Amino acid sequence: MPNLDGKVAIVTGAGRGIGREHALALARAGAKVVVNDLGAALSGEGHDDTPAQQVVQEIETLGGAAVANGENVADFAGAGRMVQQAVDHFGRIDILVNKAGILRDRMLVNMSEAEWDAVINVHLKGHFAPTRHAAAHWRELSKAGEDVRGRVINTSSPSGVFGNIGQSNYGAAKAGIAAFTVIAAQELHRYGVTVNCLAPNARTRMTEETFDMKDPDPTEWDPLDPANMSPVIVALCADEAQDITGQVFHVWGSAVNALRGWSADQLFDTEGRWDADQLLGELLARFPDGASPPGMVAGMQSAGGKSLGTT
Ligand SMILES: NC(=O)c1ccc[n+]([C@@H]2O[C@H](COP(=O)([O-])OP(=O)(O)OC[C@H]3O[C@@H](n4cnc5c(N)ncnc54)[C@H](O)[C@@H]3O)[C@@H](O)[C@H]2O)c1
């Protein structure tokens, strides 16, 4: 396992599910951890400090060091206090894993403004705010001549990169997080910071309430164990991974697939401006059976061989 001794990590949404496993894995690799979690319901309502405190206790039982943080990641000032807490408590920050998330699924025609706003806010602003504060901290260190090896690891979703019915709010936020990853990677490279992203798949309260999932067989390898996502995090946090940045990894069990996002495909080109009639003719000639996105199940199957929708 890469040795992360002396490094300090913030993991948001680390009181439960995948984030909890990341916090434990980073602690096992030697990092000190700020365990952030609002302790919200799946829909984002409520506040409970217990989940974060329990993970801190688990890390301490392992012999590691951790501190709880109950800030809302989408609160810009609160995210600043969280980054400051890491610096005040542990003296530095090396790793930020943005994991906190909620769901308010609804078909587009019925989606309320509140359902849209809440999901976009927690995911998209909840990635921007902590990253913005950590990035400012790293830029200061870099300008002061320190050899910074900062790490930001974001969380997209198969819904965001392949599209999933009923999740226009969540998928739009998760697609935005993939784009945010690419741009943040381009901007922060000069300060020694890598920015990558996971599109995970795991059995947590989030997927158990959305998909009809079988219970794991305790005698067999469980591809949906949330702990399967964490080796990717620990590997990307190693000093040796300094040149791997701006990547979005789809992870299913043992399958880790580096995705390629929007890339050039069919090119329609002409002399000067297109005539709409001519272009329509070209479109119909090139897409004789129409053109539409293949959907999340097909995307996941091509990336990892499996899909939550088919288990
Ligand atoms: N489980 C999957 O298969 C899957 C698939 C794709 C993406 N994801 C993403 O992975 C991340 C973790 O999901 P999970 O399945 O572990 O869900 P989870 O519900 O088990 O954990 C999410 C945690 O985030 C916390 N949280 C919510 N809003 C917060 C806020 N504003 N500030 C701080 N903490 C907050 C919750 O209290 C909760 O403990 C989410 O971003 C989710 O969208 C999960």
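1. Surface patch. Met107, Val109 and Ile165 make up a nonpolar patch on the surface, and their accessible area together is about 370 Å². Patch members have over 30% relative accessible area and no salt bridge, and nonpolar side chains are joined within 5 Å. A salt bridge is a Lys or Arg side-chain nitrogen within 4 Å of an Asp or Glu carboxyl oxygen. Areas come from the Shrake-Rupley method with a 1.4 Å probe.

2. Basis. This is a predicted model, where local features need pLDDT of at least 70, side-chain atom pairs count only at pLDDT 80 or more, and totals for chains, interfaces and linings use all residues. Residues are numbered from 1 along each chain as its sequence is written, and side-chain values use heavy atoms, with hydrogens and water left out.

3. Met107. This residue sits in the loop between β4 (95-97) and α4 (113-143). Helices are DSSP runs of H or I with at least four residues; strands are E runs of at least two. Met107 counts as partly exposed because its relative accessibility is 46%.

4. Asn69. Strand β3 (residues 66-69) holds Asn69. Asn69 is buried, at 5% relative accessible area. Buried means under 20%, exposed over 50%, partly exposed in between.

5. Largest pocket. Its volume is about 840 Å³. Of its 22 lining residues, Val161, Phe162, Arg260, Gly261 and Trp262 are the closest to the centre. A pocket is an open set of points on a 1 Å grid where a 1.4 Å probe fits, with protein on both sides within 12 Å along at least five of seven lines; lining residues have an atom within 4 Å of a point. α6 gives the most to the lining, 4 residues.

Terms used:
Points joined across faces, edges and corners; volume = space filled by probe spheres on them. Patch = residues over 30% accessible without salt bridge, like charges linked within 9 Å, V, L, I, M, F, W, Y side chains within 5 Å. Buried < 20%, exposed > 50% of the residue type's maximum accessible area, 1.4 Å probe, protein only.
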